[in-house]
Amino acid sequence: MTRRRIAILISGRGSNMVSLIEAACCPDYPAEIALVLSNRPDAGGLERARASGIEALAIDHKAYSTRESFEQALDAALRERDIDFICLAGFMRVLTPWFVERWAGRMVNIHPSLLPLFRGTHTHQRALEEGVLVHGCTVHFVVPELDAGPIVAQAVVPVVPGDTDHMLAARVLAQEHVLYPQALRMICDGRARLEGGRVVFAEGWSAEGSLRSPG
Ligand code: GRF
């Protein structure tokens, strides 16, 4: 098995990064985490990555006068290390079409909502304001449009009466930590692949169950 070389791009604490690093420790996981990259030198995730023996690099976007020159530095660092595939995990910089096209089909993101609902920020608070009864997270391929792109996997959680945005965020985050490693595994072992702008799955689905909220 050839393991795909993954770079995880972060800006913060990196809890999704940790879940990917832990999954990739398993010898049968089809990917290895070769690099963690942050646009913020103070991102807590950098130390967490180093503690796991992974190269962790800060490329401070503030040191670059344009978005393009920052992204060229990112791209060069990724290519120098023969990175095959990028996982965005709480990376808080909008990427230009140039960068996205360069990594088209080789970059995924995790977003804390059931896309296409609640693109952008403050997703949990907005879900509560709208009164939805289920919420969740999505792993999707990255396209130039923000929080759009072919969906690889989603996980659903109930919204519980009395929830605060913090409570709901914690419930979603627990699912993110399961979903992201599963989705990356499916992409890297070929069970989920891009075809004509959609994700197709090598294995069929059984459609027996349904999720209802309230239960
Ligand atoms: C997660 O909620 C993720 O869905 C979003 O940013 C957050 C990152 O959290 N894109 P962490 O840094 O992985 O803990």
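Author: Threonine 138 is located in strand β6. Helices (H or I, at least four residues) and strands (E, at least two) are DSSP runs, numbered from the N terminus. The model is a predicted one, in which local features need pLDDT of at least 70 and side-chain atom pairs count only at pLDDT 80 or more, while totals for chains, interfaces and linings use all residues. Residues are numbered from 1 along each chain as its sequence is written, and side-chain values use heavy atoms, with hydrogens and water left out.

Reader: Is threonine 138 buried or exposed?

Author: Threonine 138 is buried, its relative accessible area being 0%. Buried means under 20% relative accessible area, exposed over 50%, and partly exposed in between (1.4 Å probe, protein chains only).

Reader: What does the side chain of threonine 138 reach?

Author: The side chain reaches the backbone nitrogen of leucine 115 at 3.0 Å. A polar contact is a pair of N or O atoms within 3.5 Å; within protein, one must be able to donate a hydrogen and the other to accept it, and residues adjacent in sequence count only if both atoms are side-chain atoms.

Reader: And which residues is threonine 138 in contact with?

Author: Leaving aside neighbours within four places in sequence, the contacts of threonine 138 include Asn109, Ile110, His111, Leu115, Ile151 and Leu179. Contact here means heavy atoms within 4.5 Å.

Reader: Ile110 and His111 make me think of the ligand. Which residues are around the ligand?

Author: Arg13, Gly14, Ser15, Asn16, Gly90, Ile110, His111, Pro112 and Glu176 are around the ligand. A residue is near a molecule or strand if one of its heavy atoms lies within 4 Å of it.

Reader: Which polar side-chain atom lies 2.7 Å from an oxygen atom of the ligand?

Author: That atom belongs to glutamate 176.

Reader: How much of the ligand does the protein bury?

Author: The ligand taken alone exposes 370 Å², and the protein buries 85% of that. Accessible areas come from the Shrake-Rupley method with a 1.4 Å probe; for residues, only the protein chains shown count as cover.

Reader: What does β4 pair with?

Author: Strand β1 (residues 4–10) pairs with β4 in the parallel sense over four bridges. Two strands pair if DSSP finds at least two bridges between them. Strand β5 (residues 107–111) also runs parallel to β4, joined by three bridges. Leucine 88 has leucine 9 as a bridge partner, and leucine 88 also stands opposite asparagine 109 in β5.

Reader: Now the aromatics. How many aromatic pairs are there?

Author: The structure holds four aromatic pairs. In one of them, phenylalanine 85 and phenylalanine 141 have ring centres 6.5 Å apart and planes at 75 degrees, so the pair is edge-to-face. Rings of Phe, Tyr and Trp (its six-membered ring) pair if their centres lie within 6.5 Å; planes under 30 degrees apart count as stacked, over 60 as edge-to-face and the rest as tilted.

Reader: Which parts does the pair tie together?

Author: Phenylalanine 85 lies in β4 (residues 85–88) and phenylalanine 141 in β6 (residues 134–141), so the pair ties together parts that are 56 residues apart in sequence. Both phenylalanine 85 and phenylalanine 141 are buried. Elsewhere, Trp98, Phe99 and Trp103 form one aromatic cluster.

Reader: Finally, in what sense do β8 and β9 pair?

Author: Strands β8 (residues 192–195) and β9 (residues 198–201) pair in the antiparallel sense over four bridges. Glutamate 195 stands opposite arginine 198 in β9. The hairpin has two residues between the strands, and glycine 196 takes a positive phi near 55 degrees.
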